[in-house]
Amino acid sequence: MEGALATELGIRRPETEDRQNDQPENLDSAGFRSPVERVAKLTGGTTEQGSKLEMPAPFEYIGFDADDTLWHNLTLFNRTEERFTRLLSRYHTREWISQRLMATEAHNLEVFGYGVKGFTLSMIETAIELTEGRVQGHEIQQIIEFSKEMLSEPVELLEHAEEAVTRLSRSHRLMLVTKGDLFDQETKLARSGLADFFDAVEIVTEKDADTYQRILQKHRIDPQRFLMVGNSLKSDVFPVLALGGQAVHVPYHSTWEHETVSQPPPNGSDYVELKHLGKLRRWLRNSGQSGFRAKIGMRRSDPLVSAVPNNGLPN
Ligand SMILES: [Mg+2]
């Protein structure tokens, strides 16, 4: 399809996935015959031959969610919850402890935000409430140890994540958009080995439409030229669709209770669902999205880490 589309547009492109080392002699690094064709392509205009270009505008940035999109996260919380319920099993049934922990977490998200530290405080609070204050000091100590282990666990990448990010970083500008504790997410990104492949990193307290709008404004990105990829309909897909952006949903094998949605996509808009990240590059190619970076001959800059607070105030 890519070849046929390129031919239809009068743009010759190498058919290999990695074009860098396989350029026909008269094409530039992005596969254009001339700077005029390159600019015309970017602006949706015409080439010097006068043929109308109809390829979709390139995505300026591809955003990636991190937890349960690039690396496993929910499984780590589930394992800790299991240890927590086992620890307190002499006080209550494990099902009841789980239910109470979930309720405490839901209440505390507004207070502590997302992440391991807030989860730890919720475990301690639940332990105190469930035992009516009888929980022992050594049991609290054990909960804190659970938390420390969570923060130092090796980051376990999802299958296809490393390949998708490293290869797409050659052709597209990539942005990591993740919510949670700043320190926790920064260290996870460092431990993941993927940090160098992102042009920008945004660690936020909530991923709603307002947050995405601030991020897009900050980076001067037209929403229509932003693609977000993630496992959560609530945090990665729907808010971006609401702004007029595009989104790819890559479901994780389970969904966190606080990330479930029951409503349809906003504005009747549509999104793409892929089974895993290994299918993302092919989908982009088949959509005519061969890469913004290549089109403007852009070089990748150093990653920029910043946090966008929900109150909209500058850091
Ligand atoms: Mg996620």
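**Reading helix packing and strand pairing**

Trainee: Is the crossing of H4 and H5 left-handed or right-handed?

Mentor: The crossing of H4 and H5 is right-handed. Keep in mind that this is a predicted model.

Trainee: At what angle do the axes of H4 and H5 cross, and how should I describe it?

Mentor: Take the angle first, then the class. The axes of helix H4 (residues 94–112) and helix H5 (residues 116–130) cross at roughly 130° and come within 8 Å. Angles over 145 degrees would count as roughly antiparallel. H4 and H5 are therefore oblique to each other.

Trainee: Which residues of H4 and H5 meet?

Mentor: H4 contributes Ile 97, Arg 100, Leu 101, Thr 104, Glu 105, Asn 108 and Phe 112. On the H5 side are Lys 117, Gly 118, Phe 119, Leu 121, Ser 122, Met 123, Glu 125, Thr 126 and Leu 130. By class, the contact of H4 with H5 has 7 nonpolar, 5 polar and 4 charged residues.

Trainee: How do H3 and H4 cross?

Mentor: Their axes come within 9 Å and cross at roughly 125°. That makes H3 oblique to H4. H3 passes H4 in a right-handed crossing. The residues in contact are Glu 81, Phe 84 and Thr 85 of H3, with Arg 94, Ile 97, Ser 98 and Leu 101 of H4. They divide into 3 nonpolar, 2 polar and 2 charged.

Trainee: What is the angle between H3 and H6?

Mentor: Helix H3 (residues 74–87) packs on helix H6 (residues 137–152) at an angle of about 165°, and their axes are 11 Å apart. H3 and H6 are therefore roughly antiparallel to each other. The crossing of H3 and H6 is right-handed. Leu 76, Thr 80, Arg 83, Phe 84 and Leu 87 of H3 make the contact with Glu 139, Gln 142, Ile 143, Phe 146 and Met 150 of H6. The contact of H3 with H6 has 6 nonpolar, 2 polar and 2 charged residues.

Trainee: Turning to the strands, do E4 and E5 run parallel or antiparallel?

Mentor: Strand E4 (residues 226–230) and strand E5 (residues 246–249) run parallel and are joined by 4 bridges. Within this pair, Met 228 stands opposite Ala 247 in E5.

Trainee: Which unit do E4, helix H10 and E5 make?

Mentor: Follow the chain from strand to helix to strand. E4, helix H10 (residues 233–242) and E5 make a β-α-β unit, and this unit is right-handed.

Trainee: How many bridges join E5 to E6?

Mentor: E5 and strand E6 (residues 272–273) are joined by 2 bridges and run parallel.

Trainee: Where do the side chains point in a regular strand?

Mentor: They alternate between the two faces of the sheet.

Technical notes. Residues are numbered from 1 along each chain as its sequence is written. This is a predicted model: local features need pLDDT of at least 70, side-chain atom pairs count only at pLDDT 80 or more; totals for chains, interfaces and linings use all residues. Axes are lines fitted to C-alpha atoms, for helices over the stretch in contact, and angles run from 0 to 180 degrees between N-to-C directions. Angles under 35 degrees count as roughly parallel, over 145 as roughly antiparallel, 65 to 115 as roughly perpendicular and the rest as oblique. A crossing is left-handed if the near helix is turned anticlockwise from the far one by less than a right angle, and right-handed if clockwise. Two residues are in contact if their C-beta atoms, placed from the backbone, lie within 7 Å. Ala, Val, Leu, Ile, Met, Phe, Trp, Tyr, Cys and Pro count as nonpolar, Asp, Glu, Lys and Arg as charged, and the others, Gly among them, as polar. Two strands pair if DSSP finds at least two bridges between them. A crossover is right-handed if, with the strands pointing away from the viewer, the path from the first strand over the helix to the second runs clockwise.
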